[in-house]
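Please read it with the structure open.

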Amino acid sequence: MLSTMLVLVQVPIRRFRAVFAGRVTAADFEHGESATVPVDVSRPNRVFINLVEVPTLFYALCIIHFVTGTVTVTVTALTMAWVYFALRIAHSLIYLTYNRVFHRFLVFATSNVLLVVMTVLLAVALAE
């Protein structure tokens, strides 16, 4: 959640800087972000949206593991959770820095496949 909050803080910082520099106006944000908002200003918002969508499933998955006690059954669940976390951090850093789409896609896709595997493993653990 801390990584998500760090990205969230970038949204107003970059927007205010752009407004004060005269690069955008408040009207550019009236209905979200207009096409005139520069990429370096709009990107943190998109990264934040990415961190709120799929990782929410991850948070729920972790809570279910904890509540059901299945996280202690296998080290695999805990290891996979940390790998997922690292992949999400990597995705955000790629997106906010050099933003090579292929690299970003590989990390994003890998994290999503990992989340599906984690969900299947949780289902199997609960069925036992």
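1. A term comes first. A crossing is called left-handed if the near helix is turned anticlockwise from the far one by less than a right angle. With that in hand, α4 passes α5 in a left-handed crossing. Keep in mind that the model is predicted.

2. How do α4 and α5 run relative to each other? Helix α4 covers residues 75-96, and its axis comes within 9 Å of the axis of α5. The two axes cross at roughly 155°. Angles over 145 degrees count as roughly antiparallel, so α4 and α5 are roughly antiparallel to each other.

3. Look at the residues that meet. From α4 they include M80, Y84, L87, R88, H91 and Y95. From α5 they include R104, F108, S111, L115, M118 and L121. The residues of this contact divide into 16 nonpolar, 5 polar and 2 charged.

4. Now turn to α3 and α5. Helix α3 spans residues 55-68 and α5 spans residues 101-127. Their axes come within 11 Å and cross at roughly 25°. Angles under 35 degrees count as roughly parallel, so α3 and α5 are roughly parallel to each other. Their crossing is left-handed.

5. Which residues make the contact of α3 and α5? On α3 they are L57, F58, L61, I64, H65 and T68. On α5 they are L115, M118, T119, L122 and L126. The residues of this contact divide into 8 nonpolar, 3 polar and no charged.

6. One detail to check on screen concerns L115 and M118 of α5. Both are in the contact with α3, and both are in the contact with α4.

Definitions and conventions. Residues are numbered from 1 along each chain as its sequence is written. This is a predicted model: local features need pLDDT of at least 70, side-chain atom pairs count only at pLDDT 80 or more; totals for chains, interfaces and linings use all residues. Side-chain values use heavy atoms; hydrogens and water are left out. Axes are lines fitted to C-alpha atoms, for helices over the stretch in contact, and angles run from 0 to 180 degrees between N-to-C directions. Helices (H or I, at least four residues) and strands (E, at least two) are DSSP runs, numbered from the N terminus. Angles under 35 degrees count as roughly parallel, over 145 as roughly antiparallel, 65 to 115 as roughly perpendicular and the rest as oblique. Contact means heavy atoms within 4.5 Å. Ala, Val, Leu, Ile, Met, Phe, Trp, Tyr, Cys and Pro count as nonpolar, Asp, Glu, Lys and Arg as charged, and the others, Gly among them, as polar.
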